[in-house]
Every structure is written in structure tokens, then in C-alpha cells.
Amino acid sequence: PPVQIVDMRAELKAGNTSIFSRALQDALHSTLEAGHQAILYLNRRGTATYVFCRSCGYNLLCPRCDVPLVFHASRGGLLCHHCGYERGLPQACPRCKSSAIRQFGTGTEKVQAAVEALLPGARVLRWDAETTRQKNANEILLAHFSAHRADILVGTQMLAKGLDLPLVTLVGVVLADIGLNLPDYRAGERTFQLLTQVAGRAGRSPLGGQVILQSFDPAHPILLRAARYDFDGFAHQELEARQRIGYPPYSRILRLEFRAESDGAARQAAEKAAQLLQGWLESGDHRQTGMIGPLPCFFHRQAGFYRWQILLRGPDPARVVRGREVPGARLAVDPPDLL
């Protein structure tokens with residue numbers, strides 16, 4: 001189906017503060033008037049992605065992971081999506097005692113509430129990890145939507161996986177930018193894959209369809225290629241960039257992760273391992289293998305453990321450690337079948 005990219009910066013300048021652009025609002029109205037169905041995709045759960053104090057700027061973080069807690073209106077509290085820690089929403093700031101606690105960001109629960117406010121008569125279902133915790137929940141939810149017992153399906157990446165729904169003539173991607181800027185060389189690949197997959201849920205019957213991608217960076221090359229379903233162009237661009245920096249598929253990566261309850265202990269274990277690895281690299285025939293780190297992991301603290309990592313990059317980095325012990329390390333190879 002044809003894809004339209006909407007610049008959400010222009011929407012704000014025009015005075016539209018809704019999470020839905022004017023184009024998406026009009027398309028939703030038209031779709032329901034025609035008796036068709038729509039999918040709204042956002043790869044982020046919850047109602048608000050973080051909660052903070054407007055008086056002093058304090059962020060409510062998970063005490064075990066040091067990442068922002070996500071507010072879930074359905075639970076009536078805050079949840080860590082990494083370790084499962086839960087707590088209630090405070091009435092006052094834990095640091096300055098102000099009552100100016102505010103929620104910021106958008107998740108699937110907020111999208112559901114917003115579409116129900118925009119279209120009061122619409123029947124809306126939500127499909128994410130919160131609504132599918134019970135046995136057979138996925139099959140039941142999909143059966144309801146397939147039988148047209150709902151008009152709009154709001155969900156996360158579960159929506160992208162091979163659904164064949166003839167009445168779906170509109171797919172709206174609420175925020176196409178999510179995931180693009182993660183510190184992972186596969187971030188662009190994953191974003192392109194998910195956007196083209198979820199776009200393919202519309203227009204799978206003679207009724208036709210349309211896709212609207214909302215973005216605050218509408219000129220991003222990956223979004224432009226996804227909007228044209230240009231896999232060849234994307235693959236050429238991505239492979240060229242990977243070759244330039246020596247990342248897979250032009251090399252292999254071995255990641256060694258070190259965890260401890262104190263940051264100092266995790267760092268010390270990583271530094272000792274780095275000395276050991278450097279010696280193996282210099283004494284063996286590993287001239288094409290390089291070492292990066294030790295460095296803190298992207299999520300530096302998770303489930304109460306601090307995490308540091310070392311990357312070995314080369315034709316066969318697993319050969320450096322094969323048959324040897326690296327104290328305290330958890331090993332992972334990309335591709336994963338080479339260790």
C-alpha cells in the first residue's frame with residue numbers, strides 16, 4: 001500500500017498537540033465510515049514512558065536497573081520493563097516533596113485512550129505484553145479482531161508478524177523514529193524490517209489500503225526507504241556502512257559481559273579479562289582481531305547487577321577464547337552459532 005510520511009514537527013507548529021497528525025485523524029474517520037478496520041502501531045508499552053518532578057527534575061528510576069519506570073494506567077502504577085519491579089505512583093516527589101509529579105512520553109495504553117477519545121464510538125483492542133499475559137490471549141484477541149468485533153487494533157511489534165486481515169485498509173505508525181538511534185549497529189535494520197512488515201498489514205485485499213508514518217525526523221534515509229519498500233536500496237546502503245566500519249557480515253563479534261552487585265567489582269573483572277585477552281591476541285595469530293573496551297553496557301545496571309563488556313571483532317574472534325577460561329565472563333557471538 002502507498003505510504004505517507006507525516007512531519008510531526010510541522011504538526012506542532014500548526015498547533016496540533018495530539019499524538020495523531022491531522023492526516024491520521026482524517027484517515028481514521030474515513031476508515032471507520034467505510035466500515036473497514038485500522039491498525040495503530042507503536043513499539044512501546046505503557047501510558048507514559050517516564051515520570052518526573054517538574055519542580056526539581058527528579059526522574060523516577062528502577063532501583064535495580066537505573067532506567068526510567070514506565071507508568072501503566074491499567075496497573076495503576078509504575079513498572080520496570082527490564083526486571084519487573086513495580087511500585088505505586090507517588091503523590092509527592094521523593095527528593096523535594098513537591099506535588100508536581102508529571103508523566104511524559106507515549107505508550108500503547110496512551111494511544112488506546114487517545115483513539116477512544118477521538119472516536120468515542122470506535123471499538124478498540126490493544127495487543128501488547130500487558131494484554132496477552134494469559135494463556136491463549138493472542139489467539140483470542142486476534143480472533144475477535146478478525147471477526148470484526150473491533151474496529152481498531154493498537155499494539156507493539158506483535159502486529160508486524162504475518163497477519164492477514166482483509167478489512168484492514170489503514171496502518172498508522174504513531175512514532176516511526178523509535179529504535180532508530182539505539183547504540184546497536186542493527187538498529188536501522190530492525191527498524192526497516194518492522195516498518196515494512198507492519199505496513200504490509202494494510203491493503204491485503206481488493207479494498208486497498210494506505211499507511212501513514214509519523215516522524216520527527218521525516219528525512220531519515222531508513223524511513224524514506226521503508227516508505228518505498230526499497231529493500232535493495234536499504235541493503236546496499238547498510239552493507240556499505242557495515243563494511244566501512246568492519247561490522248557483520250564483514251566480520252564477527254564476540255561479546256564478553258561481566259556482572260557484579262557493585263560497579264567497581266564488575267569493572268575490575270572486565271579490566272583483568274582485558275589484560276588476559278590482550279596477551280592472547282599478541283601471542284597468537286590474531287592480527288585481524290581487535291578489542292573494544294572494557295566499557296559499560298548500554299543498560300549499565302540491570303536487575304541489581306552492574307554490567308561491563310568487552311567486544312572482540314574479527315574474522316573468528318571466538319578462536320581467541322576457544323578452549324580457554326575467561327573468569328567471570330558471559331560469552332555471546334554474533335552470529336550466535338560460531339562459539
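Where is the place of Val-198? Val-198 sits in helix α5, helices being DSSP runs of H or I with at least four residues and strands runs of E with at least two, numbered from the N terminus. The model is a predicted one, in which local features need pLDDT of at least 70 and side-chain atom pairs count only at pLDDT 80 or more, while totals for chains, interfaces and linings use all residues. Residues are numbered from 1 along each chain as its sequence is written, and side-chain values use heavy atoms, with hydrogens and water left out.

The chain as a whole comes first. Its secondary structure amounts to nine helices and 15 strands. Along the principal axes, the C-alpha atoms fill a box of roughly 70 × 55 × 45 Å. Of the 339 residues, 45% are buried, meaning under 20% relative accessible area, with exposed meaning over 50% and partly exposed in between (1.4 Å probe, protein chains only). Among contacts (heavy atoms within 4.5 Å) with a separation of 6 or more, 68% link residues 24 or more positions apart.

Next comes a sheet. Six strands make up an open sheet with parallel pairing, in the order β1-β11-β10-β2-β9-β8; two strands pair if DSSP finds at least two bridges between them. At the edges are β1 (3-7) and β8 (124-127), each of which pairs on one side only. Neighbouring strands of this sheet are turned against each other by 20° on average, direction ignored. Axes here are lines fitted to C-alpha atoms, for helices over the stretch in contact, and angles run from 0 to 180 degrees between N-to-C directions. Within the sheet, β10 (residues 168-173) and β11 (residues 210-215) run parallel and are joined by four bridges. Leu-170 has Gln-210 in β11 as its bridge partner.

Helix α4 (residues 137-146) touches β2, β8, β9 and β10, and its direction makes about 150° with that of β8. Helix α3 (residues 108-118) lies across β2 (37-41), β8 and β9 (152-155), running at about 175° to β8. Gln-112 counts as buried because its relative accessibility is 16%. Leaving aside neighbours within four places in sequence, Gln-112 is in contact with Val-124, Arg-126 and Val-154.

Helix α5 (residues 187-199) has a helix partner. Its axis and that of α7 (residues 231-245) come within 11 Å and cross at roughly 170°. The two helices are therefore roughly antiparallel, a term for angles over 145 degrees, where under 35 is roughly parallel, 65 to 115 roughly perpendicular and the rest oblique. In this contact, Gly-188, Glu-189 and Phe-192 of α5 meet Phe-231, Phe-234, Glu-238 and Arg-242 of α7.

Two other residues of α5 complete the picture. Leu-194 lies in this helix and is buried, with a relative accessible area of 13%. Not counting residues up to four places away in sequence, Leu-194 touches Tyr-41, Asn-43, Gln-157, Ala-160 and Lys-161. Val-198 is buried too, because its relative accessible area is 0%. Apart from neighbours within four places in sequence, Val-198 is in contact with Tyr-41, Leu-159, Ala-160, Val-171 and Val-173. The C-alpha atoms of Val-198 and Leu-281, 83 residues apart along the chain, are separated by 44 Å.
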